[in-house]
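Here are some friendly notes to read alongside the model. Keep the sequence and the 3D view open, and look up each residue as you meet it.

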Amino acid sequence: MLKRISKQQSKHPNSSTKRAKMDDMSSGTESDYAKYWIDWFLEIKGNEYFCEVDEDYILDRFNLTGLSQEVPQFYAEALDMITDNLDEEALTDKVREQIEKAARHLYGLIHARFVITTRGLAKMLDKYKKADFGRCPRVLCHQQALLPVGLSDIPLTKTVKLYCPRCEDIYNPKSSRHAAIDGAYFGTSFPHMLFQVHPSYMPPKSFERYEPRIFGFKIHAIAEQHRWQDRARQEFNDKLKDDDEKDQA
Ligand SMILES: [Zn+2]
């Protein structure tokens, strides 16, 4: 298991140690590298959509109002873990794991609040510019960069989706790791808030539409012709029926 440092243990962390690389925590490799919790969390495969929440923001208790109800177990410990103030040496593996789980959830909930602040929007804008959230799969959107969006602000209801500002539609993330992330960690307002604050990054709307064709003919035109033929046939049949009835009368 990866060992992290807490602030009491290291007041002047060696930056190379802090940024020590570890590719994938799920591989379970034993490692002596130490690093801060948030750095460690952000480097886990599948967490690429998250930005780094400023420590000042987390430490301001006002910003966390109400979150203790969302994390009923180990809230204080989870918060200490996120801010590297938890003495993990004293914990059993089982308890540490539970706190870890609570810490991830708490970080997600704080993240949702942070990304709609001026500072959070700026951080997410940088990621959008690098297309960290992927690109629109729609051909006529021409590789438009996407933004994460939640379909609900209530945790544990809907997974995260990707919003394309060009076609104004939403898509499922390609990777199963991303597709499993809670949408409430980004929220329903985030991408729209981003373009409100940074309107120059709003791409032009896509008016280009794909036209289905069969042998070069627009299907719409063919369908129109078929409908006209059906109508004409029906009118002809009705007329024949009328004439028959008149003859019998
Ligand atoms: Zn699109």
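1. Let us begin with two helices. Helices α5 and α6 are roughly perpendicular to each other, because angles of 65 to 115 degrees are given that name, while those under 35 count as roughly parallel, over 145 as roughly antiparallel and the rest as oblique. Their axes cross at roughly 75° and come within 8 Å. Axes here are lines fitted to C-alpha atoms, for helices over the stretch in contact, and angles run from 0 to 180 degrees between N-to-C directions. Helices (H or I, at least four residues) and strands (E, at least two) are DSSP runs, numbered from the N terminus.

2. A word on what you are looking at. This is a predicted model, in which local features need pLDDT of at least 70 and side-chain atom pairs count only at pLDDT 80 or more, while totals for chains, interfaces and linings use all residues. Residues are numbered from 1 along each chain as its sequence is written.

3. How confident is the predictor? The protein chain has an average pLDDT (the predictor's confidence in each residue, from 0 to 100) of 87, and 86% of the residues score at least 70. Over residues 7-32, however, the pLDDT is below 50, and this stretch has 23 contacts in the model beyond near neighbours in sequence. Where pLDDT is low, the predicted coordinates should not be read in detail.

4. Which residues of α5 meet α6? On the α5 side they are Y75, E77, A78, L79, M81 and I82, and on the α6 side I99, E100, A102, A103, L106 and Y107. Two residues are in contact if their C-beta atoms, placed from the backbone, lie within 7 Å. Sorted by class, this contact has 10 nonpolar, no polar and two charged residues. Ala, Val, Leu, Ile, Met, Phe, Trp, Tyr, Cys and Pro count as nonpolar, Asp, Glu, Lys and Arg as charged, and the others, Gly among them, as polar.

5. Now look at burial in α5 (residues 75-82), where E77, A78, L79, M81 and I82 are buried. A residue is buried if 20 or more other C-beta atoms lie within 10 Å of its own, exposed if 12 or fewer, and partly exposed in between, with C-beta atoms placed from the backbone. The cover over these residues includes α2 (37-43), α3 (55-59) and α6 (93-114). After α5 comes D84, with a positive phi near 60°.

6. Next, the sheet. Three strands form an open, antiparallel sheet in the order β1-β2-β3, and its edge strands are β1 (147-149) and β3 (169-171), each pairing on one side only. From one strand to the next, the twist averages 45°. Two strands pair if DSSP finds at least two bridges between them. Three bridges join β1 to β2, and P148 stands opposite L162 in β2.

7. Strand β2 (residues 161-164) also pairs with β3 over three bridges. Y163 has I170 as its bridge partner, and C164 has D169. Four residues separate β2 and β3 in their hairpin, and E168 in the turn has a positive phi of about 55°.

8. Is H142 buried or exposed? H142 lies between α7 and β1 and counts as exposed because it has 12 C-beta neighbours inside 10 Å. F215 lies between β4 (213-214) and β5 (217-218), and F215 is exposed, with 5 other C-beta atoms within 10 Å.
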